[in-house]
Amino acid sequence: MKGIMEELSETFGLREFRVGQREAIAAVLKGDDALVVMPTGSGKSLCYQLAAMRLPGTTLVVSPLIALMQDQVDALRRRGIAATCLHGLLPKNVLEKRSHQVAAGEYKLVYVAPERLRTESFSAILAETDLSMIAIDEAHCISQWGHDFRPDYLEIGKIVARFPKARIMALTATATPAVREDIIRQLGLGVNRRRPPFVEVLGFSRPNLQIAVTRCGDETEKLARLLTLVKAHRTGVVYASTRKNVEKVFALLCKELAGRDDIQVLMYHAGMTEGQRTLALREFQECAHPVVVATTAFGMGIDRADIRFVVHWNVPGGIEQYYQEIGRAGRDGKRSCCELLFNYVDIKIQEYFVEGANPTSETALLVWGWMLSCGSRSFSVVAGPLARRLGIKNASAVSTTVNVLLNHGLLTRESTGLQTEYHIVPGKEDLDVIRIFDARREKRYQDRRRLRTMLDFVSAETCRHQFILDYFGDQSDDRACGGCDNCNGRLRASA
């Protein structure tokens, strides 16, 4: 049998491990669970991929993005590794064939989106699978205190309970001490005969990133500063909080940079078609000097080391999101610019997101009452019109309410073509709704606190790198950086 270094070299074409990889792999190979917190671009995926090759049976990988899953599967297949992914965009006959092959043990690594964990058909497949490890990518999504909580991730804990002999490796680039504790609790690590997990938190320090906050009085000032940065660095990402802002900034850049052949302006957000997003990703990877204007939907799985700048057109909702996004710059270790263009008015966008993601029990009861008025028949929900009908100011709160009720079993859902129909589960009452949404008050508080901390970062007069290290509980000896606007005078990032 190959040694671990031989596996690294012959299977993955690498001569040495990056910091922390070998320790995480060794932990699961000896039978322990592991929680691995590594910065973006530090090679987290190799940890579970190499471990999977050394373990018998199949490794299940839970990953939130279909495009990211497909990219990893394609890369593994090119190395001769039996890997596949199961998701809802596959033709039915392909999905059925792959499912049978998974149950037959023909794959070492099987990638699935968290939504698939809910289906009875997938549960039947898992029951027949010799599962040796469950790897959870973007594991902060399992925590209600994380910046990108996804209810479907809660299904992972049920699978862990069903496979007590399978090792667990949870991986993320953004997890505060509180989020790390919640991930461990949600997965049941260290209980029910599972040993306490191996926990590895690697350095959040990125001294090559030149971090700055520029206060802008209006969008004219923002555009002027953005153009200066784009022309100086040419390859990068501009993050905006809404699709509307993405489209606006994209149009402005296209107009201002018309006639320049050395910069290609791209756009990416979840409202685009799958084909449009795929094309934008490919162009970003292949163009010499692309600039993509995007929402937070862009970034996971981007494998480009020479991103020279990341600009935030709007203030992010928290340090986790901010750190994850600036972490996509300068993965080659070279100096890169990360600048936040701050206008206080932008806070209203994030406040709207927080309210929409955390409806009160009063709001939930309004939506629930309307559902009850539909009687025993099925109904569809269009958030905007229903919000106006019920006098709810935030349409996102309606969508969130429906999803929460669905995830707690008060609703069932049936999709037929482009139409989604909901049914109320018999026996559910107003008290069930009140209990569920009252229990989510802490999440609302945490999301608001996360935004306040982001604003503290904007106003900080101390080292911005140190602010980030302290937030994530990084106890390394890396102190003052010299690489932010506060430590280095008024950083203008070579522009």
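Student: What makes up the secondary structure here, and how are the elements counted?
Tutor: The protein has 19 helices and 15 strands. Helices are DSSP runs of H or I with at least four residues, strands are E runs of at least two, and numbering starts at the N terminus. Bear in mind that this is a predicted model, where local features need pLDDT of at least 70, side-chain atom pairs count only at pLDDT 80 or more, and totals for chains, interfaces and linings use all residues. Residues are numbered from 1 along each chain as its sequence is written, and side-chain values use heavy atoms, with hydrogens and water left out.

Student: What share of the residues counts as buried?
Tutor: 53% of the 495 residues do. Buried means under 20% relative accessible area, exposed means over 50%, and partly exposed is in between (1.4 Å probe, protein chains only).

Student: What share of the contacts comes from residues 24 or more positions apart?
Tutor: Counting contacts (heavy atoms within 4.5 Å), such residues account for 75% of those with a separation of 6 or more.

Student: Why is the Lys222 and Asp346 pair called a salt bridge?
Tutor: The cut-off is a side-chain nitrogen of Lys or Arg within 4 Å of a carboxyl oxygen of Asp or Glu. In this pair the closest N and O atoms are 2.4 Å apart, so by that definition it's a salt bridge. Lys222 sits in helix 9 (residues 219-233), while Asp346 is in the loop between strand 13 (336-342) and helix 13 (347-357), 124 residues apart. Both residues are buried. The whole structure has 24 salt bridges.

Student: What makes Arg450 and Glu320 a link between parts apart in sequence?
Tutor: Arg450 lies in helix 18 (residues 441-459) and Glu320 in helix 12 (residues 319-326), so their pairing ties together parts that are 130 residues apart in sequence. Their closest N and O atoms are 3.2 Å apart, and they form a salt bridge. Arg450 and Glu320 are both buried.

Student: Why is Asn192 called exposed?
Tutor: Its relative accessible area is 70%, which is over 50%, so Asn192 counts as exposed. You'll find Asn192 in the loop between helix 8 (177-187) and strand 7 (198-201).

Student: And what makes the phi of Asn192 worth a look?
Tutor: Most residues other than glycine have a negative phi. Asn192 has a positive phi of about 50° although it is not a glycine. Arg234 also has a positive phi, about 65°, and is not a glycine.

Student: Why is Arg234 called partly exposed?
Tutor: Arg234 has 28% relative accessibility, which falls between 20% and 50%, so it counts as partly exposed. Arg234 is in the loop between helix 9 and strand 9 (236-239).
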